[in-house]
Amino acid sequence: MGVKVVVKKRLKVGLALGGGGARGLAHIGVLKVLESENIPIDLITGTSMGAIIGAVYALKKDISAIEKITEKYSKISEFNIDFSFSDKEKRNKSLFLKKMSDFLKRGYILNLELRRKYINDGEGIKKIIKDLVGDKSFEDTKIPFAAVAADLVKGEKAIIREGKLFDALLASASIPGMFPPVILEKKILVDGGIVDVVPIETAKSLGANFVIGVNVSQSIKKRVEFDNAVEIFFRSDSITSSELRKLQLSFADVLITPKVGRFHWSDFTKPEQCVREGEIAAQNSIIELKKKLKKVKPKWWKRLFY
């Protein structure tokens with residue numbers, strides 16, 4: 001009788017944080033719970049807001065550091081996004097968001113595109129990212145980290161793993177048409193959410209064999225009436241994105257979905273509520289997560305007799 005020794009790979013847990021603007025603040029609540037429950041995180045991937053929060057946590061591995069992000073984004077008015085609305089309308093948040101949505105749906109943005117490549121110069125988001133990560137590089141992170149952006153030229157996902165964190169985060173969060181594209185290593189990059197809203201597959205490609213995904217995107221809602229061709233166009237595009245997102249999310253070993261759909265992506269006035277929803281969702285998933293981790297946790301070796 002011989003002895004065969006089979007060496008198995010070490011468990012490597014990846015955390016994939018999705019994009020979603022203000023809704024992404026829920027990632028802070030998720031991280032608070034994962035840390036308090038001693039869930040190991042061996043690498044982090046992030047898209048857009050998920051990249052920003054993921055990078056700060058990977059850099060400092062400190063919950064208090066990422067909690068400061070809510071303070072930074074509570075000053076979202078610094079972005080000064082101008083849709084030619086009056087100051088009174090801008091001060092009325094709910095009215096402003098409704099009018100902004102109507103503005104886009106009526107197609108006026110298409111005329112604007114003939115003259116400009118972006119609506120906002122992005123100085124507000126640049127300041128926030130700079131305050132959060134300074135001149136730190138990927139090599140400075142305590143947890144391996146990667147940001148996801150979209151390459152406009154090649155029409156594919158761009159995984160950024162080296163260089164300055166500031167450049168990578170700005171590219172990952174540059175909403176197409178809203179902020180200027182970022183030129184990085186001869187690539188024209190924009191928000192990674194258009195190719196990989198929750199970078200689960202990216203985490204796997206970087207070596208994770210167990211991935212926790214956090215999805216903060218809005219689910220598509222039932223609708224029975226459409227007033228014009230533009231509304232039908234936007235609806236069709238939303239359906240396509242929703243189906244692609246479902247496929248991408250299916251690759252997560254555990255998926256955490258905070259209930260933040262009621263918050264608009266640009267509404268940063270309720271950060272505590274978003275963080276709390278992240279905590280609740282993570283707590284609701286913690287039993288499943290620990291059970292699956294215990295089940296898949298490989299031993300360093302296993303003896304098989306034959």
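User: Which residues does threonine 45 touch, leaving out residues up to four places away in sequence?

Analyst: In this predicted model, threonine 45 is in contact with Leu15, Ala16, Leu17, Ala146, Pro199, Thr202, Ala203 and Leu206, with residues up to four places away in sequence not counted.

User: Where does threonine 45 lie?

Analyst: Threonine 45 belongs to strand 3, which covers residues 43-47.

User: Is threonine 45 buried or exposed?

Analyst: Threonine 45 counts as buried, because its relative accessibility is 0%.

User: And what does the side chain of threonine 45 reach?

Analyst: That side chain reaches the backbone oxygen of proline 199, at 2.9 Å. Pro199 is also among the residues that threonine 45 touches.

User: Changing topic to helices: how do the axes of helix 2 and helix 8 cross?

Analyst: The axes of helix 2 (residues 49-60) and helix 8 (residues 165-172) come within 9 Å and cross at roughly 155°. The two helices are therefore roughly antiparallel to each other.

User: Which residues make the contact?

Analyst: Helix 2 contributes Ala51, Ile52, Ala55 and Leu59, while helix 8 contributes Leu165, Leu169 and Ser172. By type, these residues divide into 6 nonpolar, 1 polar and no charged.

User: How many aromatic pairs does a search of the whole structure find?

Analyst: The search finds 1 aromatic pair. The rings of phenylalanine 138 and phenylalanine 145 have centres 5.7 Å apart and planes at 20°, so the pair is stacked.

User: Are phenylalanine 138 and phenylalanine 145 buried or exposed?

Analyst: Phenylalanine 138 is buried, at a relative accessible area of 5%. Phenylalanine 145 is buried as well, with a relative accessible area of 6%.

How values were computed: Residues numbered from 1 in each chain as written. Predicted model: local features only at pLDDT ≥ 70, side-chain atom pairs only at ≥ 80, totals over all residues. Heavy atoms only, no water. Helix = DSSP H or I, 4+ residues; strand = E, 2+ residues; numbered from the N terminus. Buried < 20%, exposed > 50% of the residue type's maximum accessible area, 1.4 Å probe, protein only. Polar contact = N/O pair within 3.5 Å; in protein donor to acceptor, adjacent residues only side chain to side chain. Contact = heavy atoms within 4.5 Å. Axes fitted to C-alpha atoms, helices over the stretch in contact; angles between N-to-C directions. Parallel < 35°, antiparallel > 145°, perpendicular 65-115°, else oblique. Nonpolar A, V, L, I, M, F, W, Y, C, P; charged D, E, K, R; others polar. Phe/Tyr/Trp six-rings, centres within 6.5 Å; stacked < 30°, edge-to-face > 60°.
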